Amino acid sequence: MLLITGTSGALGSLIARQLADRPDVLLGTREPDGPGQVRVDFDDPESLDFSGVDTLLLISAGYGEDDQVIARHGAAITAAERAGVGHVVYTSLAGAGDHLPYALPHRWTERRLRESSLTWTVLRNGLYAELLAALAPPGPDGLITAPLGEGRLAAVAREDLADVAVRVALAPHEHAGQVYELVGDQPLGGAELAAATGARYAPGTLAEARAALSGPGSPAYQVPMLVATYSTIAADFLATPDTGTLRHLLPHTPRPALTAYKSALST
């Protein structure tokens with residue numbers, strides 16, 4: 001039996017869509033309301049029961065303060081050990097993302113898996129091309145003002161990451177002990193985003209971005225997280241493209257990141 005966590009999220013829902021009709025797949029979510037769905041709430045560790053699960057596809061349990069995310073992932077791995085799960089496939093963060101503030105819980109989780117009694121595979125996902133649609137959209141004036149500087153991002157289409165996760169989760173024994181770096185093959189910067197949308201790139205400052213993001217109701221952790229993401233892209237730490245891993249694991253040619261960016265802008 002394969003259990004997928006976080007199937008109500010952006011990545012998890014794409015994976016669930018591919019596997020929902022299989023009788024050997026369970027779809028984990030906080031509030032199950034359909035066939036094949038089971039309750040999986042990492043904030044309620046005592047409720048986690050992975051009995052009968054051969055493979056657990058552990059999708060990172062959302063953004064939050066480091067201690068909260070670490071507690072969620074720790075609870076899931078402990079429950080997997082307790083139930084005798086055969087293999088855990090974990091969606092982590094690309095190695096180039098170590099300068100990002102949300103890298104720490106991912107690296108903690110990878111270490112926890114290495115030290116566990118479980119067989120595991122780590123999918124180190126790059127930042128989504130769709131994220132650029134939120135970080136760097138053209139404004140009503142036709143300007144992209146995101147503070148990306150001259151930096152670029154080896155963004156990857158979220159659907160490609162879903163396709164890789166499905167392939168690995170359905171044949172985990174073929175990928176045991178592997179850490180896969182999954183980033184895009186065409187790094188994108190402000191100039192490329194502007195050219196693709198008929199906009200003009202006029203980057204602002206990090207201070208301006210921080211002020212714009214700091215509206216009422218913004219979670220306290222979110223503003224520094226997003227500002228640091230801009231900063232890391234601008235410093236060109238996330239520009240190294242795919243060296244062949246993504247292409248090897250995908251059953252098709254990678255989707256163009258610019259296409260995913262433009263599609264996300266229209267939704």
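Start by selecting His 106, which sits in helix α3 (residues 103-114). Helices here are DSSP runs of H or I with at least four residues, strands are runs of E with at least two, and both are numbered from the N terminus. The model is predicted, so local features need pLDDT of at least 70 and side-chain atom pairs count only at pLDDT 80 or more, while totals for chains, interfaces and linings use all residues. Residues are numbered from 1 along each chain as its sequence is written, and side-chain values use heavy atoms, with hydrogens and water left out.

Is His 106 buried or exposed? His 106 is buried, with a relative accessible area of 9%. Leaving aside neighbours within four places in sequence, His 106 is in contact with Ser 60, Tyr 90, Thr 91, Ser 92 and Leu 93; contact means heavy atoms within 4.5 Å.

Next, the pockets. Select Ile 59, Ser 60, Ala 61, Gly 62 and Tyr 63, which lie nearest the centre of the largest pocket among its 38 lining residues. On a 1 Å grid over the protein atoms alone, a pocket is an open set of points with protein on both sides within 12 Å along at least five of seven lines; a cavity is a set where a 1.4 Å probe fits but cannot get out; lining residues have an atom within 4 Å of a point. The largest pocket has a volume of about 930 Å³, where volume is the space filled by probe spheres set on the points, and points are joined across faces, edges and corners. The largest share, 4 residues, comes from α4.

Go on to the second largest pocket, with a volume of about 260 Å³. Of its 19 lining residues, Leu 135, Thr 145, Ala 146, Ala 212 and Tyr 230 are the closest to its centre. Two or more lining residues come from each of α4, α7 (206-213) and α8. The lining divides into 13 nonpolar, 4 polar and 2 charged residues. (Ala, Val, Leu, Ile, Met, Phe, Trp, Tyr, Cys and Pro count as nonpolar, Asp, Glu, Lys and Arg as charged, and the others, Gly among them, as polar.)

Select Leu 127, Leu 132, Ile 144, Leu 148, Leu 153 and Leu 193, the residues with the most contacts inside the largest nonpolar core, which has 31 residues. Such a core is a set of buried Ala, Val, Leu, Ile, Met, Phe, Trp, Tyr and Cys residues joined through side-chain atoms within 4.5 Å. Elements α4, α6 (190-197), α8 and α10 (257-265) give two or more residues to this core.

Stay with α10 and show Ala 257, Ala 260, Tyr 261 and Ala 264, which are buried. They are on the same side of α10 because they cover an arc of only 100° around the axis, the arc being that of the directions from the helix axis to the C-beta atoms.

Finish at the largest cavity, with a volume of about 50 Å³. Ala 257 is one of its lining residues, which also include Asp 160, Asp 185 and Arg 255.

Technical notes. Buried < 20%, exposed > 50% of the residue type's maximum accessible area, 1.4 Å probe, protein only.
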